[in-house]
Every structure is written in C-alpha cells, then in structure tokens.
Amino acid sequence: MSNIDKRNRLDEEVFSYRVSKNNSVFIDFKGKEIKIVKGKEAERLISKIQAAETDKEIQLALAKNTGNFKHGNEKNSKKKA
C-alpha cells in the first residue's frame with residue numbers, strides 16, 4: 001500500500017462517509033458530498049470498510065470508490081495567450 005499513496009494524502013483523512021438505514025453510502029470529500037453509493041456496490045464498500053484495519057485503508061477504499069476523482073496532476077492556472 002505504500003506505493004499507492006506516495007504523497008500521504010490519505011493520512012489527512014479527507015474522505016468521510018455516512019451509511020443510511022437502507023444501506024446507501026454517502027461519501028464526502030472535505031465536508032462536501034461527492035457521491036452516493038447504492039445497492040450491491042454499497043454492500044461491497046461497506047464490507048471493505050468493516051474489514052479495514054486502519055483509517056488509511058478506509059480512506060483508500062473511499063478514494064477508489066469515487067473513481068476518477070483526483071490524480072494529482074490537475075493544473076489550477078489557465079493558459080494565457
């Protein structure tokens with residue numbers, strides 16, 4: 001797992017989650033809701049979270065579930081002509 005999070009971004013615990021009564025998982029990034037997971041996908045995510053031994057493993061499971069979310073190569077500035 002050390003090769004996955006080279007910049008230790010997951011140590012900051014930027015992801016949080018809530019599980020509803022009907023087993024939907026609400027995933028937040030820095031306090032802002034970014035994804036709702038339902039059905040079988042939610043069941044798989046909940047089982048991964050429950051099987052996680054550390055907080056970093058939970059953060060990794062949430063980050064992977066968000067899919068194409070952050071790569072680290074995004075640019076904030078715009079090109080000027």
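Glu33 and Arg18 join their side chains in a salt bridge, at 3.1 Å from N to O. Glu33 belongs to strand β3 (residues 32–37) and Arg18 to strand β1, so this pair ties together parts that are 15 residues apart in sequence. A salt bridge is a side-chain nitrogen of Lys or Arg within 4 Å of a carboxyl oxygen of Asp or Glu. Strands are DSSP runs (E, at least two residues), numbered from the N terminus.

## Basis of the model

The model is predicted: local features need pLDDT of at least 70, side-chain atom pairs count only at pLDDT 80 or more, and totals for chains, interfaces and linings use all residues. Residues are numbered from 1 along each chain as its sequence is written, and side-chain values use heavy atoms, with hydrogens and water left out.

Because Arg18 lies in strand β1 (residues 15–19) and Asp28 in strand β2 (residues 25–29), the pair ties together parts that are 10 residues apart in sequence.

Asp28 is buried, at 9% relative accessibility. Arg18 is partly exposed at 39%, and Glu33 is partly exposed at 41%. Buried means under 20% relative accessible area, exposed over 50%, and partly exposed in between (1.4 Å probe, protein chains only).

## The remaining pair

The whole structure holds three salt bridges. One of them joins the side chains of Glu41 and Lys35, at 3.7 Å from N to O. Glu41 is partly exposed at 34% relative accessibility, and Lys35 is partly exposed at 25%.

Conventions. Helices (H or I, at least four residues) and strands (E, at least two) are DSSP runs, numbered from the N terminus.
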